[in-house]
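Please open the model in your viewer and keep the sequence panel beside it. The tour below goes stop by stop, with something to select at each one.

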Amino acid sequence: MLSRTKFIGAVEIGTSKITVIVGQVARGRSLSLIGLGECPSRGVSKGTVVDFKAATECVHAALEEAERSAGARVGEVFLAQSGAHLEGFQNEAEVRVSSADNMVSALDIENVCGLAKSKQLPEGRMVVHHLRRPFRLDGRLVPDPEHLDGRRLEVGYWTVHGQESRIADHLHVIRGFNVRVTELILSSLASGSVMTSADDRRHGVLVLDLGAGTTDFVLYRDGCALLTGIVPVGGLHFTNDLSLGLRLNDQDQAEKLKLRHGRAVVTTKDRTEKLWLNGDLGIGDRQFPRLTIEQITAARARELLEVVRKKLGGNFDPEHTAAGVVLTGGASKLAGIEDLAAQVFDVPARLGEPPGWVGDHLRAPGHSTALGLLHYGLGASAEGSAARRPATVGGLLRKFFTAGN
Amino acid sequence: METPFASSPSAIELPLAGKILADRAVAIKVIGVGGAGTNVVDRLKMENLDRLQLTAMDTDHQALSASPLQEKILLGMDVTHGLSAGSDPAAGREAAEADEEKIAAAVKGCDLVFLVAGLGGGTGGGAAPVVARLAAQAGALVIAFCPLPFSFEGGRRLKQADEALRGLRPVCDAVIPLPNDALLQAAGAGENALSSFARGDEWIGRAIKAVWAMLFRTGLINVDFATLQSAFPARGGKTLFGLGSGAGENPAAAAIESLRLCPLLATAESARKADRLLVHLTGGADLTLDRVSEIMTALTAQFGRDAHIILGAVIDEALPGRVEIVVLGTSELGATSRRPFSAMRSRATSAPAAAGTVPGGKPAKAKAAQDEFAFGGAAESRGYFDKTERNLFEGQDLDVPTYQRQGVKILL
């Protein structure tokens, strides 16, 4: 039956580019990636839409390209969320198990979850995710407490919320293409879900998605997302630092130097070694010391990772992050970034590798968020968290679509 | 073979031994250039510091005759006819160049020259670089304090001041810009203009006094002139300057806190790291070594662990239960060797130091690299992110290049 095959678009409105991947879902189970559309973005700054018209044009171009390459119309869209307006907080709750025989009932679980999620948000903010951390029954971790024996049931949530107006802007961009947004997914969670294995997440892992305008991170422990965050600094900052430091008026030239010679740690010792800007012996070609380029990019890289570590605060500790740091996103192509991450976070670090089923043309680190959107959006139901979704995100989306009409 | 400096005829002529034995005969001169500079120096006159000579230089005869100072030099009588430079730096420079001999005579024999010049005006902006150059040629260590115009005085004066600052940096050992806007910041509500300006004067006065006290007053920890000189090994670098004072239960902690809040430091977010740090502490008789160590630990944490620190500490009986801190830091960022003038230095005191530290051919090109290093907020460039709102994290704007904020020195 036709209706059993769905075409889902994963859309990431990034600071430097818009990525759309089309996935074909057959019988709600198997996913094949059948289309890709990419377009350099305009009107997006640090993960947020600032020029609605320009951004809309780019997104629609990318969607069209993706549909063309897939040979199918997209029926619904999973949309990635990033930007400095997104914040998170943790809230914990506990209940006494109600039944006389101390067996946890579904009602107890519902109560404790309800309590933990009941925190009021300030005016103009909306929830993007309620991320549940593992249950604790009398202090011990349990994946699913139902029918287990205990007295005190605790649970914590990491609630991610964002500014309603900004999120609405993103939704309207997609809606202009006449397609429904069925899921809003935090960029970091998307990347995290596809770049790490379930084992990694159980052992504890930190995923850093270094984008052009933002760095999104998520820390997993005991198999659950413990917390997420965004630093509005990304690859463009490296480029900008270089263009200011080397006095290049042209950001493209700085970008080129960054890609070719930027490093996350200074390795050159030779103060006199020079590099040509273009290397074509043409007029206007200039020389720069390799050391300077490395110093500028290394200072930025170290600071960026240190800011992430500070934002994680006491939640991060190397002992509970046995699977280390996984780096992805376009800016993770900076040479030596994994060595620096290992230094700063004091755990092993590696560049993320997408799972084997991802085709060669989608394996670049810049595609991890879009890939992850499909993976997370579809996989979430398999991981047993479907129950909480329609009630929150879906409900709010409905609110937007009706209010907008 | 003779040592290099003994071979120089000028060194032989001077009675070297006598000079050293004549109990720290270090000559210090404070020169006010232009209207603003002269005003400041006039007010310094109130606090009598021996062995500190004060001089006023201006193109305006009327203003100069009102000054109570002993030594007054009217610049460019032939150029401006004693009628001021009229806010034109070119006229100020011309006037100073016309009277180079007079200026040279005034700075002759000085070891240390403090130059005070308001850079927004004609005489201050135009003549100050000339005076600084002549003083440096005479072998003096030149430290300039430059009040910068208020932003409400308009773009032209600010631009002039900026240009003057750029002209001044390569010829001074240290240039300390004092934006008048910082006075506004420090002023309480309802404070009158007079006391606001008085605070500006006090900043300059205390800095001069601190250096003076370091050299002349005997205290806990003394600093001699050669050491002071070593704090300024290069010209054209950026300079850090801050003051703090504290009283009460724990004066040391209060002084550190007050230093941290000093508006002169607050504006220079990018420039908090120094290569060389000159720290002067003044305290009452109750200043203990413990306190000194406490203050120094806090300061090194704030201004750079690797900094070469020169510490002076003085006991002032008149300040029981009070601690005052003056911090003067220099960095080699974008600096050039200050030795171009060493050949012209004739004084024996400076000759050995000069011969000992001739740098191994530092490229003169480096100067252009960071010469534009302006002060405070203006220095922080955000480039591509110029039009976006500030991206603050722990008080730092992350859009400003990291290397600038951390004071990483880069070659170009």
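Contact here means that heavy atoms lie within 4.5 Å. The model is predicted.

**Stop 1: two helices in chain B**

Select helix 14 (residues 251-260) of chain B and helix 16 (residues 289-303) of chain B. On the side of helix 14, the residues in contact are B:Ala252, B:Ala253, B:Ile256, B:Leu259 and B:Arg260. They meet a set in helix 16 of chain B that includes B:Arg291, B:Ile295, B:Leu299 and B:Phe303.

Two packed helices are described by the angle between their axes and the distance between the axes. For helix 14 and helix 16 of chain B, the axes come within 9 Å and cross at roughly 20 degrees. Angles under 35 degrees count as roughly parallel, so helix 14 of chain B is roughly parallel to helix 16 of chain B. The crossing of helix 14 and helix 16 of chain B is right-handed.

Which residues of helix 14 of chain B are buried? Colour B:Pro251, B:Ala252, B:Ala255, B:Ile256 and B:Leu259 to see them. They cover an arc of only 135 degrees around the axis, which means that they sit on the same side of helix 14 of chain B.

**Stop 2: a loop residue in chain B**

Now select B:Ala318, which is in the loop between strand 10 (308-315) and strand 11 (322-330) of chain B. Is B:Ala318 buried or exposed? B:Ala318 counts as exposed, because its relative accessibility is 63% and the cut-off for exposed is over 50%.

**Stop 3: chain A as a whole**

Move to chain A and show it as a cartoon. Chain A has 11 helices and 19 strands. Of its 405 residues, 56% are buried. Among the contacts in chain A with a separation of 6 or more, 67% are between residues 24 or more positions apart.

**Stop 4: a sheet of chain A, order 3-2-1-6-12**

Strands of a sheet pair through backbone hydrogen bonds, either parallel or antiparallel. Select the five strands of chain A that form an open sheet in the order 3-2-1-6-12, with mixed pairing. At its edges are strand 3 (30-40) and strand 12 (180-186) of chain A, each of which pairs on one side only. On average, neighbouring strands of this sheet are turned by 20 degrees against each other, direction ignored.

Zoom in on strand 1 (residues 5-13) and strand 6 (residues 76-81) of chain A, which run parallel and are joined by four bridges. A:Ala10 has A:Phe78 in strand 6 of chain A as its bridge partner.

Helix 3 (residues 164-175) of chain A lies across strand 1, strand 6 and strand 12 of chain A. The direction of helix 3 is at about 145 degrees to strand 6 of chain A.

**Stop 5: a sheet of chain A, order 15-14-13-18-19**

Select the five strands of chain A in the order 15-14-13-18-19, which form an open sheet with mixed pairing. Strand 15 (224-231) and strand 19 (349-351) of chain A each have a single partner strand, so one side of each is left without a neighbour in the sheet.

Helix 4 (residues 187-195) of chain A packs on this sheet, at about 55 degrees to the direction of strand 14 of chain A. Helix 9 (residues 337-345) of chain A packs on the sheet too, touching strand 13, strand 18 and strand 19 of chain A.

**Stop 6: strand 14 of chain A**

Finish on strand 14 (residues 215-221) of chain A, which pairs with strand 15 of chain A in the antiparallel sense over seven bridges. A:Phe217 is paired with A:Gly229 in strand 15 of chain A. The hairpin of strand 14 and strand 15 of chain A has two residues between the strands, and A:Asp222 in the turn has a positive phi of about 50 degrees.

Strand 13 of chain A also runs antiparallel to strand 14 of chain A, joined by six bridges. A hairpin links strand 13 to strand 14 of chain A through four residues. Look for A:Leu206 opposite A:Leu219 in strand 14 of chain A.

How many of the seven residues of strand 14 of chain A are buried? Seven of the seven are. A:Thr215, A:Phe217, A:Leu219 and A:Arg221 point one way, while A:Asp216, A:Val218 and A:Tyr220 point the other way.

Methods. Residues numbered from 1 in each chain as written. Chains lettered and ligands numbered in written order. Predicted model: local features only at pLDDT ≥ 70, side-chain atom pairs only at ≥ 80, totals over all residues. Heavy atoms only, no water. Pairing = 2+ DSSP bridges. Axes fitted to C-alpha atoms, helices over the stretch in contact; angles between N-to-C directions. Buried < 20%, exposed > 50% of the residue type's maximum accessible area, 1.4 Å probe, protein only. Arc of directions from axis to C-beta. Parallel < 35°, antiparallel > 145°, perpendicular 65-115°, else oblique. Left-handed = near helix turned anticlockwise from the far one by under 90°.
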